[in-house]
Amino acid sequence: MPSSDQNPAATPASGTAEPAPPGRPTAVSSQVLDMGAQLVQALKPVRQMKQHACSFALDAHDLRRQLEVHHLVSRLNQDVLQCAVYDSDEPSARLIGVEYIVSDTIFESLPPEEKRLWHSHAYEVKAGLRTDVGVREALQSSETARLSKTYGKFWCTWQVDRGDQLPLSAPALMVSPQATEPGRVCAELVRGRDERYRVDSSAGGLKADRVEMDEPEWINPNADYWLHGMGFAVDVVPCFFFLGR
């Protein structure tokens, strides 16, 4: 079950243009439990999600496969962010993965083989592709400047672009859009996002607002590893293990 399967094994839950998970309508008893739990549970980790950022991601094993992604961001500290990634910001949005974001200082401390799983954010930010939805650029400018010097590792667990109605196959490693082919994000995908959220990421919009933003002094060549002509896919293989004391 590699993550790069274009067509996973036959299943009733695969193959629609707009995937919706199979299943029965939510029962009244489940709704009552949800409401009761809301009254007594703090849900502390979820309440730490303070930002909704919208951007785009490409499959590391096939850069032609591209997604609009919505990050709900929480901070562990100034150098480490963790993001629940959804396919939209609607109430019915599917949780399609998770991205971890670290500062360049932390990234440089990682071993070389680990760095290859991460992508840089400099182009994505400066090109206006990533934005906090509905937040004025002046308010988010200091945050975007910091983000331009960060690196992310994004695992997609639900390949909705493939039409999967459930999370199928192995997780797929995702990468950030870049300025060069084949890593350039589809213009129609960007246009659709911009129109829906009234975002202007054109040369006269966010891109112009961020043109003076400081860029990283360098981007580690072990990141964005597809630039070396090699992507990564995850395969699931059987293994033997020892049951011992």
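Val 135 sits in the loop that runs between strand S6 (131-132) and helix H6 (137-147); helices (H or I, at least four residues) and strands (E, at least two) are DSSP runs, numbered from the N terminus. This is a predicted model, in which local features need pLDDT of at least 70 and side-chain atom pairs count only at pLDDT 80 or more, while totals for chains, interfaces and linings use all residues. Residues are numbered from 1 along each chain as its sequence is written, and side-chain values use heavy atoms, with hydrogens and water left out.

With a relative accessibility of 30%, Val 135 counts as partly exposed, a class that falls between buried (under 20% relative accessible area) and exposed (over 50%; 1.4 Å probe, protein chains only). From Val 135 to Phe 154 is 19 residues in sequence and 24 Å in space, C-alpha to C-alpha.

A cavity here is a set of points, on a 1 Å grid over the protein atoms alone, where a 1.4 Å probe fits but cannot get out; lining residues have an atom within 4 Å of a point. Points are joined across faces, edges and corners, and a volume is the space filled by probe spheres set on them.

The largest cavity has a volume of about 60 Å³. Its lining counts 13 residues, with Phe 56, Ala 57, Glu 99, His 119 and Glu 124 nearest the centre. Strands S1 (49-59) and S2 (62-77) each give two or more residues to this lining, and S1 supplies the largest share, three residues.

The second largest cavity holds about 40 Å³. Among its lining residues are Arg 116, Trp 118, Asp 224 and Trp 226.

Notes: On a 1 Å grid over the protein atoms alone, a cavity is a set of points where a 1.4 Å probe fits but cannot get out, and a pocket is an open set with protein on both sides within 12 Å along at least five of seven lines; lining residues have an atom within 4 Å of a point.
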